[in-house]
Structures are given as C-alpha cells and as structure tokens.
Amino acid sequence: MAAPHTPLPPLVLLLVVAALVAVAPLPPAAGADAFDVRRHLSTVTRYDVARESNNVKSVPTIPNGCHVIHLNLVARHGTRSPTKKRIKELDRLAVRLKALMNEAEQGPGSDSLKKIPSWIKGWESRWNGRVKGGELISEGEEELYNLATRVKERFQDLFDGEYHPDVYSIRATQVPRASASAVAFGLGLLTGKGKLGPGKNRAFSVLSESRASDICLRFFDSCETYKAYRKRKEPDVDKQKEPILERVTAALVNRYHLNFTTQDVSSLWFLCKQEASLLNITSQACGLFNEAEVYLLEWTDDLEGFVLKGYGESINYRMGLPLLKDVVQSMEEAIAAKEEHRPDGTYEKARLRFAHAETVVPFSCLLGLFLEGSDFEKIQREEALGLPPVPPQGRNWKGSVVAPFAGNNMLALYQCPSKIPDGSTTSGGQNNSYLIQVLHNEVPVSMPGCGNKDFCPFEEFKEKIVEPHLKHDYNSICKIKPPVATEEPASFSSRMWGFLAGLFTQKGYRVVSAEGVETEL
C-alpha cells in the first residue's frame, strides 16, 4: 500500500489559493454572443443548458454484432425550487438590500445612486412567505420526461417489451423531488403503453428504501466517517473561497457604491443562480457580476463540490460502494440470463435510479470520470488530488457538467459474438463476450481505468475499475457497528408480567406476549 498522503494544512491551502487569485489574469472575454451565465451555475445548471454545452466531436460506433441487453441509470432529480433554508437566506437578503439602499440614500452624494441597478430598490424574493421548498418544479419534470423519451429512442430494442416492474425496475430515494423525478421519467418511458387518458399512459411502480437504511442511493446519510469529515472540512472550504469572495466584493463595492459584505455577495450569487436557472432571468442579480467574476464564483462552487463530494477525499466516493456493487450485480444477472437463454420478460432489462447530486458525484468518481492526466492511478492508490485549477486555467471538474439538475450516468451492457473486431474474447466459460459503455449526460465517455476505451470488456471493467474499490467494506469505512444485544435491568412491570406468566402457565393457560401478536397497519 502506498504511503499515506498528508494533506496541506488549511492555512497553507488558503495562502496558495490567495496567491493564485492575486496573480491570475482575468479570463478573456469570449464575445458578447458566446457568454451565457446559465452555463456557469455549477450544480444549479439546468439539464438542457448543460447538454447544449457538451462539445461532442464524434460518437463511437457500436462494434459489429453487438446489441444492448441491459441498462443501468443513476440520475439526479430535476430542477427544483430553493430549499426552506435557502428561502430564509433570500428573505434576509431582501432585508439587507433595503438597509443598503437606505444607507446609500442618506449618503452625501446623489451621483452614487445612479450607479445602483434599479431592481435592487424594493426587491422582494420571489419565494417570500413560502414555508416549504425543495420540490421538483415543472421544468424539472420536463427534464426527466424528455430524458426518458430519448433513452427509449436510443435503446429501442431494450424498451420495446411489455412493462413489468421486475423487468424495468424504477427506484428512487424517499425525498419527494427524487421520487417525483422517477414518476416523470416513468411517464416518458411508458407513454403509449397503456390505456389511461389521451396519452395512453399506464401505472408503474417506484421502489424506495427508508432514508435510514438506503445505503444504495443515500449512503451519505448513514456514513458516520463522511459526516465527521464534512463537518471538519466545511470551515476549511469557506476559508479557501474567501480570497475570491473578497476580490469580487471589493469590485462590486467600487462599481455600485454599496457597502456589500462577502456574505452579501455570496447570497447575491445564490440569487443569480436561482433566477437564471429557475426563472430564466439573467439581468438582475446575475447582471451585477461581469464575466470574469462569474467564472471565479463558479469555481468556488466547483471547489466545494470537489472537496466535499468528489475527489477531495477518498471517503467521498468510497462510501458509494453499495451502489457500485448493485450496478455490477444487475449486469451479472443479465449476463447469466443470456447465457441460460432465458426468454424476454423473465429477467431485468433496466435498473433506473433517481437520487441526488450527493449520489451521482461519488458514483462518477468511482468510475474515474473527470480526472486530470494520471489522476486515475492516484485515486487507485487513495492519494488526495490537487484542487481544480483556478480560472482562467481550464479544468475537467465543472459542477455544470458533473452534476447539473437531472445529471446522470448510464452504463449500457452489450452482448457480442465470442470474438469482435477489437480482439476481445469470451471469458469464464461464456458463449459470448460482453462490453460496457458509459454515458454521462447521454454522451459516451471513455474510461481511464480501461485504457480509455469507449467499450470496456466486462471482466476488465470489474478487474480494473471495480475490484480496486472492493478492498473496502461500507460498514468498516463508515464505522457502522452491528447492534450489540445488552441485558437491561428488568423493570417492575416486566417482573410482574413474568410472575403472572409463570402463575398462568402452572394452571395450564398459554400466555402470548405483545411481541408475539402481529399487527398490520
């Protein structure tokens, strides 16, 4: 095992980031028509905008004689409204902007008032007064519905059969926006397959685990090691973001003559993301920032996602092992069904999962996506990776690509003849060879762990990408201990019950305890 990697102290990291920001030139303007703030909203980016940003040069050709037999989908929920916590932040921002305006109006000069954007005066949050939040909005429903129609069209042979919940398994977390996303996807997938309404829809099932026990899609909820890491690391991330927030704050104070604080700027950036993504408004909060400042603020969000959810520490993705195992198991079962010549309708063809960014990001890391250079070998050795480069340097890790709303990974399993043109052959006594293709946000991606192949032989996928992670166990890395039975002192009521039970038993009566009575609710 490689020597443990010692991360830089938070103060050293802060100085490094500050130095990079201080000397980095502003990103060059790309032209008035080229820049679109909606493409730079990190994980708040709409899915259709993220797809438009994909620079797909060519799509790999499926090897001759190969056809898809199974599909795994791991998707984030669609576009949602702000959460309850964030709604309160926007309410506080409204109070703060009002105070800043009053302060400016009472100032000595009236010329400075002309520099203040008109929308700030009297601004109220669009979500003011709401006590609930975080639900899937109509745009999010459309994202998943349209995704389903494209998936169905892309893999026509896979979805042309009759629906059965064991053949097309749809799963979601118990969080309403995730389960609603699953429903929207199911409607798109099965429209025209039933007799319900003008669209000839049909009912379908969505399976969910309890939040407390869902280690497949909400593994982060039960992982004590991860929760401790995140609690410890969040203050460090805030310090790493400070130099950029201070730089942007100074620029806005100079530009608009309002005494903004770094907290004000952080909240205004959040408002920008909500307005641009949910309301398609880019002229208000987003208009406060110039192009260079948007790039830098986007980087702070991407930094947070990298450190707290991505490659910043191995616990972030190692805890996703139950999901990786579930994916591999589903493919092994599909292969077994094909090798046994089982007829259609008797085995699973697709396992479709709907969860969160905290699910999709670790899963992408387990597959080795969005790495720089030789980073794949580093994560196999469990070495910490360097931070994403600060703009104007380019980077692979961008939240708008890694996990936008409705962001997804698909693993398509192909059955091929025993020998195919690339030289792959059968293994393990199988009559056919099997290849895996990974698609991120519907775009085929090569796999660093498989020699950057577009189609990776299944056994090689398991050996080089999956097995290095399997030296760990979820319970051990997350410090989950099995419950230990302890003998507690008997209470007075239990001692009395024992006395009466013994008395009635002596007289020939059968005593049934409360635990022995089955109750159906």
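Visitor: In this predicted model, which residue follows H12 with a positive phi?

Guide: The model is predicted, and the residue in question comes directly after helix H12. Its phi is positive, near 80 degrees, and the residue is Gly368.

Visitor: Is helix H12 mostly covered or mostly open, and how many of its residues are buried?

Guide: Helix H12 spans residues 357-367. Among its buried residues are Val360, Val361, Phe363 and Leu366.

Visitor: What share of the residues of the protein count as buried?

Guide: The secondary structure of the protein comes to 17 helices and seven strands. A residue is buried when its relative accessible area is under 20%. Of the 521 residues of the protein, the share that count as buried is 48%.

Visitor: Among contacts between residues at least 6 apart in sequence, what share join residues at least 24 apart?

Guide: A contact here means heavy atoms within 4.5 Å. Among the contacts in the protein between residues at least 6 apart in sequence, those that join residues at least 24 apart make up 78%.

Visitor: How many residues does the largest nonpolar core have?

Guide: In soluble globular proteins, nonpolar side chains tend to be buried together. The residues with the most contacts inside the largest nonpolar core include Leu97, Trp119, Phe260 and Phe461. Trp119 touches Leu97, Leu268, Leu271, Gln284, Ala285 and Leu288, not counting residues up to four places away in sequence. Apart from this core lies another of 34 residues, with Leu190 and Ala350 among them, whereas the number of residues in the largest core is 100.

Visitor: Which element supplies the largest share of the lining of the second largest pocket?

Guide: The second largest pocket has a volume of about 1200 Å³, and 40 residues line it. Helix H2 (47-52), helix H9 (291-308), helix H14 (399-402) and strand S6 (443-445) each supply at least two lining residues. The largest share, three residues, comes from S6.

Visitor: Is the pair of Phe159 and Tyr168 stacked or edge-to-face?

Guide: A pair of aromatic rings is described by the distance of the centres and the angle of the planes. Phe159 is buried at 5% relative accessible area, and Tyr168 is buried at 3%. The ring centres lie 5.5 Å apart with 25 degrees between the planes. Planes under 30 degrees apart count as stacked, so the pair of Phe159 and Tyr168 is stacked.

Visitor: Why is the pair of Tyr414 and Phe455 described as it is?

Guide: Tyr414 lies in strand S4 (residues 408-416) and Phe455 in the loop between S6 and strand S7 (456-457), 41 residues apart. Tyr414 is buried at 4% relative accessibility, and Phe455 is buried at 8% relative accessible area. The ring centres are 5.7 Å apart and the planes stand at 75 degrees, so the pair is edge-to-face.

Visitor: Is Arg86 buried, partly exposed or exposed?

Guide: Arg86 is found in helix H3 (residues 84-105). Arg86 and Gly134 are 48 residues apart in sequence and 9.3 Å apart in space, C-alpha to C-alpha. The relative accessibility of Arg86 is 33%, so Arg86 counts as partly exposed.

Note on methods:
Residues are numbered from 1 along each chain as its sequence is written. This is a predicted model: local features need pLDDT of at least 70, side-chain atom pairs count only at pLDDT 80 or more; totals for chains, interfaces and linings use all residues. Side-chain values use heavy atoms; hydrogens and water are left out. A nonpolar core is a set of buried Ala, Val, Leu, Ile, Met, Phe, Trp, Tyr and Cys residues joined through side-chain atoms within 4.5 Å. Buried means under 20% relative accessible area, exposed over 50%, partly exposed in between (1.4 Å probe, protein chains only). On a 1 Å grid over the protein atoms alone, a cavity is a set of points where a 1.4 Å probe fits but cannot get out, and a pocket is an open set with protein on both sides within 12 Å along at least five of seven lines; lining residues have an atom within 4 Å of a point. Grid points are joined across faces, edges and corners, and a volume is the space filled by probe spheres set on the points. Helices (H or I, at least four residues) and strands (E, at least two) are DSSP runs, numbered from the N terminus. Rings of Phe, Tyr and Trp (its six-membered ring) pair if their centres lie within 6.5 Å; planes under 30 degrees apart count as stacked, over 60 as edge-to-face and the rest as tilted.
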